[in-house]
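Hi,

Here is the structure I promised to pass on.

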Protein chains: 6
Amino acid sequence: MRIRVVNPNTTVAMTALALRCARAVAAPGTRVDAATSADGPVSIESHYDEALSVPGLLAEIRRGEADGVDAYVVACFGDPGLDAARELAAGPVIGTAEAALRTATHLGRGFSVVTTLARTLGRAEDLTVRYGVDRFCRGLHACDLPVLDLETDPDARKIVTEACRAAVAADRSDAVVLGCAGMADLTAHITAEIGVPVIDGVAAATLTAQSLLTQGLRKSGRGEFAAPPAKPYTGMLAPFAL
Amino acid sequence: MRIRVVNPNTTVAMTALALRCARAVAAPGTRVDAATSADGPVSIESHYDEALSVPGLLAEIRRGEADGVDAYVVACFGDPGLDAARELAAGPVIGTAEAALRTATHLGRGFSVVTTLARTLGRAEDLTVRYGVDRFCRGLHACDLPVLDLETDPDARKIVTEACRAAVAADRSDAVVLGCAGMADLTAHITAEIGVPVIDGVAAATLTAQSLLTQGLRKSGRGEFAAPPAKPYTGMLAPFAL
Amino acid sequence: MRIRVVNPNTTVAMTALALRCARAVAAPGTRVDAATSADGPVSIESHYDEALSVPGLLAEIRRGEADGVDAYVVACFGDPGLDAARELAAGPVIGTAEAALRTATHLGRGFSVVTTLARTLGRAEDLTVRYGVDRFCRGLHACDLPVLDLETDPDARKIVTEACRAAVAADRSDAVVLGCAGMADLTAHITAEIGVPVIDGVAAATLTAQSLLTQGLRKSGRGEFAAPPAKPYTGMLAPFAL
Amino acid sequence: MRIRVVNPNTTVAMTALALRCARAVAAPGTRVDAATSADGPVSIESHYDEALSVPGLLAEIRRGEADGVDAYVVACFGDPGLDAARELAAGPVIGTAEAALRTATHLGRGFSVVTTLARTLGRAEDLTVRYGVDRFCRGLHACDLPVLDLETDPDARKIVTEACRAAVAADRSDAVVLGCAGMADLTAHITAEIGVPVIDGVAAATLTAQSLLTQGLRKSGRGEFAAPPAKPYTGMLAPFAL
Amino acid sequence: MRIRVVNPNTTVAMTALALRCARAVAAPGTRVDAATSADGPVSIESHYDEALSVPGLLAEIRRGEADGVDAYVVACFGDPGLDAARELAAGPVIGTAEAALRTATHLGRGFSVVTTLARTLGRAEDLTVRYGVDRFCRGLHACDLPVLDLETDPDARKIVTEACRAAVAADRSDAVVLGCAGMADLTAHITAEIGVPVIDGVAAATLTAQSLLTQGLRKSGRGEFAAPPAKPYTGMLAPFAL
Amino acid sequence: MRIRVVNPNTTVAMTALALRCARAVAAPGTRVDAATSADGPVSIESHYDEALSVPGLLAEIRRGEADGVDAYVVACFGDPGLDAARELAAGPVIGTAEAALRTATHLGRGFSVVTTLARTLGRAEDLTVRYGVDRFCRGLHACDLPVLDLETDPDARKIVTEACRAAVAADRSDAVVLGCAGMADLTAHITAEIGVPVIDGVAAATLTAQSLLTQGLRKSGRGEFAAPPAKPYTGMLAPFAL
């Protein structure tokens with residue numbers, strides 16, 4: 001069983017972080033590796049970044065299919081390109097937000113989401129509606145830290161922790177979902193500090209993918225998520241023709 | 001890591017089936033055992049049966065806590081007593097419907113539910129709303145087979161398979177959720193027959209529980225799902241006083 | 001016409017209070033009596049208490065059917081066991097929350113709910129969704145008073161009144177629903193104090209039941225709420241076999 | 001206790017029918033009388049008719065306040081002018097659809113609505129959303145009979161009965177709501193024929209009004225439903241100035 | 001192409017204001033004129049006012065049809081009589097709230113509504129639900145200024161501007177919808193002051209009507225919005241018989 | 001006033017069609033031109049195609065900003081890249097589905113959508129939810145014609161017309177939304193054939209954009225849709241760095 005974590009931004013350090021978090025939870029028999037998008041933004045902090053992270057992601061999914069990968073984790077909380085990736089892949093493709101938000105529903109009545117920049121809260125809100133968890137989501141909060149500062153700002157851990165503490169108090173929530181793959185290694189620390197479960201979507205998505213594979217569950221091969229119809233592509237994107 | 005499958009009806013054969021299905025998907029390091037309710041109905045086919053399955057279920061959860069069980073699967077598609085069980089248990093308690101319905105959302109745009117008696121469809125509908133998956137649920141169908149006939153009727157497998165086939169055609173759905181723990185061993189056969197993924201909730205719930213444990217996620221210990229306040233209980237239920 | 005108020009907890013004083021409130025509103029031709037559950041918790045303050053109040057409730061419904069009771073009021077705001085009770089009873093079974101929440105919708109645009117312990121707010125929220133009144137519900141509030149203290153705490157009336165006043169101010173609501181059958185005798189006082197209508201669910205449910213009987217409305221006798229299928233019950237609950 | 005049934009169309013025979021149905025269910029101590037709008041359409045079968053029935057209705061509400069009426073029933077399934085009437089009246093004003101639709105929710109999982117002309121189904125649908133019962137409403141059906149033909153067409157009873165039978169079969173519903181005050185006397189016949197409870201909104205609204213009065217529940221006197229601000233009115237409607 | 005702005009209150013100065021705002025946005029080839037209701041309230045500040053503005057509005061629609069008007073704008077944020085007007089008119093009838101609320105959804109994730117008296121907020125809330133924009137509506141706010149004071153109070157512009165500023169801050173919204181046709185000339189000033197787009201419904205509705213006409217889109221002529229069935233009308237409203 | 005229609009697929013003939021439709025409705029003072037994506041699929045018939053149409057679309061938006069374009073129409077019913085395009089553009093960017101679906105809500109109670117391949121119905125359904133028009137959408141239908149066959153198949157017009165006729169009959173709807181920019185020139189023919197209004201999204205979006213410009217409405221420049229933060233882009237997409 002082989003799961004690949006695909007980082008749709010081009011920052012290798014974030015891929016390494018995501019891979020560590022994925023491997024930390026995978027079962028003994030599960031091989032987990034990772035890929036970094038070759039094309040696109042160094043971090044995803046806008047709809048523009050997110051949209052432009054998708055070609056690189058899809059190129060990695062295609063490479064993964066050639067490599068015999070069984071399932072994929074998309075390591076960005078905006079879940080970019082999920083529907084398209086599912087058409088390409090024969091096996092499961094799981095989004096970080098998708099897995100984290102659904103996991104949170106098992107932990108109590110309501111959860112808070114804490115993410116990086118306020119401008120990404122809208123996308124997070126859209127995803128709670130898409131995944132049917134809006135009634136469980138008690139609040140969406142930003143800590144106003146750019147994604148790449150999560151690694152470089154010496155106060156990052158403290159800032160995120162305090163944002164989580166404030167979110168739980170304001171929302172009277174039972175859990176926190178961390179809204180950025182770059183926060184993946186903070187869960188244990190924050191849980192210890194604030195006393196509620198804290199969910200990292202990369203770990204959650206890795207386990208969701210592994211669970212689907214274990215159950216032998218994969219898309220039916222027909223309908224909306226069947227392989228996309230082959231057709232010409234032009235210009236810079238000509239290589240994407242199937 | 002120790003997961004206990006609790007059958008809230010009193011039919012030992014159904015417990016054995018559920019345990020087999022749970023063990024078939026558990027990771028190497030996960031110990032799975034099972035318990036059968038000592039008190040209540042031999043099968044759950046009405047709101048009355050379901051309500052009266054809860055004391056036996058809670059007695060098993062309490063016993064499980066004494067035994068050091070880490071997480072529980074409630075092996076009945078009506079998810080009886082889930083909120084109460086969560087108050088009692090320190091670790092995760094996962095419902096069969098809860099896990100199956102959420103799992104189905106990863107497999108496409110919409111799923112069908114196929115269950116036993118038509119009178120239980122209302123409960124299934126309530127659960128799709130409760131878990132926020134009503135928009136993914138394309139239809140709820142009964143095959144008009146009593147629960148215990150699943151094991152004894154020589155045509156049971158065929159009847160359920162044909163009900164699934166008809167449901168997928170009517171709903172144009174991407175997956176089927178089997179709405180009874182007693183159908184747990186039919187997934188592979190039905191998938192082979194009708195060509196769409198078929199989900200058994202016992203397997204799904206076992207993996208959900210295992211995934212939460214692997215991530216170290218458990219309720220926060222305060223609020224709605226904290227341990228219930230201790231108080232006197234009277235009459236036949238006096239032993240349930242905490 | 002004979003209506004029975006069933007108290008699903010085992011505290012006789014609360015039954016007496018509920019009976020007084022029910023009789024205060026019943027029409028001249030309506031006989032109202034009451035029954036107290038023999039088995040279960042002395043008060044209902046958790047999902048655990050609620051689940052374990054159901055067998056005692058159902059035993060009373062069954063006894064009521066033998067006694068020729070025409071309709072039932074379940075005198076606890078969590079509406080425990082309502083679906084199961086409806087299967088058992090030939091006539092209407094009305095929940096306290098069900099009646100109170102629907103009654104409140106006739107009194108303005110939005111209402112507040114004020115209940116005892118904060119840990120029960122989740123159940124109240126679930127019920128607003130179940131009964132389709134979530135858009136009318138402007139807020140759910142706790143006064144942090146245990147149920148049995150409503151009778152013994154000399155400040156109880158004041159505490160509940162002030163919680164109602166605060167709720168109306170915070171929610172800009174048009175009415176208050178009291179979220180505990182033990183508050184049933186406070187409505188007139190609180191209305192006089194805060195100037196908005198205050199609803200007790202026991203009175204509301206008694207009148208709803210009476211209204212259904214007057215109209216000759218009872219379940220159709222087939223489908224989801226038909227009498228439950230007869231089957232063996234085992235252990236402590238063997239007497240519940242039909 | 002005095003309740004007035006106001007017929008917002010100008011057909012006296014329909015007022016008489018509504019009054020009979022209201023009196024048939026009122027408690028001994030409740031005085032019920034009726035009023036017919038003096039101004040407007042002879043029947044309400046369009047948004048145009050409904051809008052133009054409102055001045056006549058409001059004139060009757062105003063007259064009722066002068067007469068010391070305690071509560072009102074608006075005897076038309078479109079619930080015309082309900083919000084405005086509530087501003088005018090000190091006591092409850094209950095709509096026929098409002099009461100019937102809420103009553104139906106106590107009788108099972110889902111109901112069907114059967115009304116006269118198909119062009120009025122949109123209004124009925126709007127009302128199910130307004131009253132929060134859309135999830136209980138399994139279907140909206142027309143029997144294509146104009147309102148006034150209900151009294152004159154010798155086949156009317158049969159046509160409505162068969163429309164109800166077909167609706168219940170198509171919707172697999174537990175009850176029928178009759179979507180026209182002119183059908184009020186058919187409930188017993190149709191229930192006997194098709195075996196599910198059938199609800200007349202005039203009776204339901206009369207009992208809802210009576211129940212609110214019995215509980216002493218009336219609007220708070222401030223906010224959205226306070227008496228409308230006094231101001232000049234011009235032209236034909238000058239008498240409506242308060 | 002001829003569009004008529006109908007003011008459903010009887011204050012001519014408000015008609016003139018609405019006409020100015022409509023003409024300011026109409027395309028060169030579009031003729032815009034205006035009509036003032038002859039019958040009813042001088043301003044619309046309650047459900048009562050709104051209901052009683054409808055006959056005068058419908059009389060103007062009827063006159064407009066005789067005049068060959070192609071489309072109508074109803075110049076009151078409560079969108080009185082919209083469904084009835086649509087039955088009467090062969091061409092489009094667009095509500096002020098309808099157009100403003102839909103326009104606002106193109107300008108960002110969420111908007112605030114700022115209106116006159118708090119008692120009208122309920123109607124505005126109903127309209128956000130009716131038009132399917134409730135998820136985009138971040139808050140409904142009143143500035144506590146009666147409608148006619150908008151023209152006479154020297155502080156009116158300042159009061160509305162500050163209410164908008166506060167609304168945007170409280171709701172973190174991307175746009176403001178002005179909830180009264182009498183505020184129509186304030187948009188540029190407020191936008192300049194608070195830096196977010198501000199929408200006047202009269203302008204928005206004029207352009208919506210013009211756009212529908214340009215596309216040749218008009219109702220189908222059958223079904224719910226077909227011409228109302230002809231029938232007798234009595235009393236003061238006899239002239240409304242078709 | 002300058003509006004640019006951007007075709008996000010690379011088929012120039014479709015751009016020409018869209019431009020014709022846009023120009024046919026634009027006001028005299030409005031300059032409309034068009035651009036064709038240089039990079040990506042020749043038609044958009046899958047999530048994969050849609051995702052990969054976005055870079056080419058965004059490149060055109062960027063070019064348009066340099067050219068002084070005031071507003072954009074995205075000429076594909078899947079509304080690809082809308083959020084990202086809005087971040088880039090100072091003025092309005094309107095989606096074809098967005099405009100068509102909102103326009104349809106002005107024409108009656110409910111509409112049908114008729115599109116090309118069944119596999120794209122899921123995306124259309126997502127958009128009805130996103131735009132808050134799901135309650136107006138009575139049905140989503142495919143005519144099983146690939147996008148490019150719309151121009152080459154001699155039966156295309158007939159096939160689409162019959163699909164519209166069948167959709168209206170099945171859904172009892174008041175209007176049809178054509179779910180592909182390639183159907184833009186069929187509206188008059190289909191309306192003539194089936195007697196209900198038929199909406200082309202390119203025309204609708206052009207007029208929505210023109211209306212916003214006429215009102216001077218543009219995004220506020222801060223928050224979610226502010227210009228995206230500048231940052232490095234790598235690989236093939238390096239030119240997209242801002």
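Below is what turned up, starting with a pair of chains and ending with a single residue.

One thing to keep in mind: this is a predicted model.

Let's begin where chain D meets chain C. On each side, 44 residues take part: 44 of chain D are in contact with 44 of chain C. The size of an interface is often given as the accessible area lost when the parts come together. For chain D and chain C, the buried area is about 3300 Å², and carbon and sulfur atoms give 55% of that.

What holds charged partners across this boundary? The count is 2 salt bridges between chain D and chain C. One of them pairs D:Glu224 with C:Arg109, where the closest N and O atoms are 2.5 Å apart.

Which elements of chain D give two or more residues to the side that touches chain C? They are helix H4 (96–104), helix H5 (121–130), strand S9 (198–199) and helix H9 (201–214). H9(D) gives the largest share, 8 residues. Sorted by class, that side of chain D has 20 nonpolar, 12 polar and 12 charged residues.

Now over to chain B, and to B:Thr161, which sits in helix H7 (residues 156–171). Is B:Thr161 buried or exposed? Its relative accessible area is 2%, so B:Thr161 counts as buried, the cut-off being under 20%. Setting aside neighbours within four places in sequence, B:Thr161 is in contact with B:His189, B:Ile190, B:Glu193 and B:Ile194.

Cheers

Key
Residues numbered from 1 in each chain as written. Chains lettered and ligands numbered in written order. Predicted model: local features only at pLDDT ≥ 70, side-chain atom pairs only at ≥ 80, totals over all residues. Heavy atoms only, no water. Contact = heavy atoms within 4.5 Å. Buried area = accessible area lost by both parts, 1.4 Å probe. Salt bridge = Lys/Arg side-chain N within 4 Å of Asp/Glu carboxyl O. Helix = DSSP H or I, 4+ residues; strand = E, 2+ residues; numbered from the N terminus. Nonpolar A, V, L, I, M, F, W, Y, C, P; charged D, E, K, R; others polar. Buried < 20%, exposed > 50% of the residue type's maximum accessible area, 1.4 Å probe, protein only.
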